[in-house]
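Have a look at the chain on the screen, and I'll walk you through it.

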Amino acid sequence: MLDAITGYNQLRASERLGVQGTVMFRLGSLRYFHLAYLGRHSPDDAIRQTLTDIAPGPDLILEGNGDVWRFGDTPKRGKRSFTYDAATDLFTDENYEAYPLSYDIDQIGAAKKKVAITFDDGPDPRWTPQILNILKEKSVPGTFFVIGVATSENPEILKREYAEGHEIGNHTYTHPNFDEITKTQIRWELNLTQRLIESTIGVKSILFRPPYGIDHQPEYAEEVAQLPIAQDMGYLIVGQKIDSHDWQQVAGAQIPEQEIINNVMRQAEDGNIILFHDGGGDRAHTVLALPRIIDALRAQGLRIRFGFRPHWQNARRSDDAAVDRRALAGSRGWLHFRNLSLAARGNRHHLYRRHRAGQRPRANHRHSGAD
Ligand SMILES: [Zn+2]
């Protein structure tokens, strides 16, 4: 291993052999603190002392093979001690007292021959009912990752999704680029949408998918840095290894139906969660492709289930309502007043709806053996 300490020794040795300059080529995850002494011909104690502190690297540790993410570790700094010999200007010993930790992500929920079908960006009055009709006709459970703004305009569709036994997930309120917003806005986005879901169907969701998805093989810490916030709020982070690419446009039109089918079938055994869209644009080809994809998946021996145990209706009643109220109080500025009034209205309704929801048989239980 060439770490900062051994690298330092090598530089000193090469200088003594008359090497006039050194170039370091990055291999894998070179840690940035190498730069502390590179280019210095006579590093001093202050510079050497910086080597005791080890910053987390930019790399990620990904374990497992599923489409649902759980963060084990978030980055932590490491610590190192060393013995330095001034007479030879060499380190003679070093000891890692604490290793620097990167994001450690468990990818969970992998299962052979099982897939879950998910739809993002709805509810949409034009496309979602057509998709629900297909799912009903084929007896297939789906999961709808809804956007708060769309839900506030189409609450009846959300009710239908839930009543027909499908899962509901949180896909933020305004569909922002998740990497570019503040922590406060993330909490806002999730809490407002949660309140809307809860006030419409009487239950909370613990499923979350960030807008624009998560790359199933991210490489750098910055790509996932915001996601632990959602996990800390109690959500399961749901990815998608099988992307139908039905969001893709060619010359302003949705890609052809056959292409959507091919995209799914080509990856069908590479993951467990399939991504479609029921809102956010023209979804005519998604609607055409969906029944054919369901038939093709079944013909290939794949079973279509939920990707997650449907226990979210029993989700713990978290105390994030308090966070909501604080956020609401200090909110004037970035959300439209109309959205605030909807959220407030939702809160008033939810006791009533929760009561009613408890009275009727839960349609979800039809699929509760799924995993
Ligand atoms: Zn989306």
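I'll start with the overall picture, then go through sheets, a helix pair and a few single residues.

First, the ground rules. This is a predicted model, so local features are taken at pLDDT of at least 70, side-chain atom pairs count only at pLDDT 80 or more, and totals for chains, interfaces and linings use all residues. Residues are numbered from 1 along each chain as its sequence is written.

The protein chain has 11 helices and 16 strands. Helices here are DSSP runs of H or I with at least four residues, strands are runs of E with at least two, and both are numbered from the N terminus. Of the 371 residues in the protein chain, 34% count as buried. Buried means that 20 or more other C-beta atoms lie within 10 Å of the residue's own, exposed means 12 or fewer, and partly exposed is in between, with C-beta atoms placed from the backbone. How far apart in sequence are the contacting residues? If we take contacts in the protein chain between residues at least 6 apart, 80% join residues at least 24 apart. A contact, by the way, is two residues whose C-beta atoms, placed from the backbone, lie within 7 Å.

Now to a sheet. There is an open one of 3 strands, in the order β1-β4-β5, with antiparallel pairing. Two strands are said to pair if DSSP finds at least two bridges between them. Which strands stand at the edges? They are β1 (53-54) and β5 (90-98); each has a single partner strand, so one side of each lacks a neighbour in the sheet. Between β1 and β4 (residues 78-85), which run antiparallel, there are 2 bridges: aspartate 53 partners lysine 79 of β4, and isoleucine 54 partners glycine 78 of β4.

Packed on this sheet is helix α1 (residues 4-16), which touches β4 and β5, and its direction makes about 170° with that of β5. For angles like that, axes are lines fitted to C-alpha atoms, for helices over the stretch in contact, and the angle runs from 0 to 180 degrees between N-to-C directions.

On its other partner, β4 pairs with β5 in the antiparallel sense over 7 bridges. β4 and β5 form a hairpin with 4 residues between them, and aspartate 89 in the turn has a positive phi of about 55°.

Over to the helices. The axes of α8 (residues 257-267) and α9 (residues 284-299) come within 8 Å and cross at roughly 40°. That makes α8 oblique to α9; under 35 degrees would count as roughly parallel, over 145 as roughly antiparallel, 65 to 115 as roughly perpendicular, and the rest is oblique. On the α8 side, the contact includes Ile260, Ile261 and Val264, and on the α9 side it includes Leu288, Ala289 and Ile293.

Finally, some individual residues. As a reminder, most residues other than glycine have a negative phi, and most peptide bonds are trans. The peptide bond from glycine 122 to proline 123 is cis, with omega near 0°, and proline 123 is in the loop between β7 (114-120) and α3 (128-138).

Histidine 175, in the loop between β9 (167-170) and α6 (183-201), has a positive phi near 55°. This histidine 175 has 19 C-beta neighbours inside 10 Å, so it counts as partly exposed.

Alanine 251 also has a positive phi, near 50°, and is found in the loop between β13 (249-250) and β14 (253-254). With 4 other C-beta atoms within 10 Å, alanine 251 is exposed.

Last stop: lysine 204, in the loop between α6 and β10 (207-208). Lysine 204 is buried, with 22 other C-beta atoms within 10 Å. Its C-alpha atom and that of glutamine 194, 10 residues apart along the chain, are separated by 6.4 Å.
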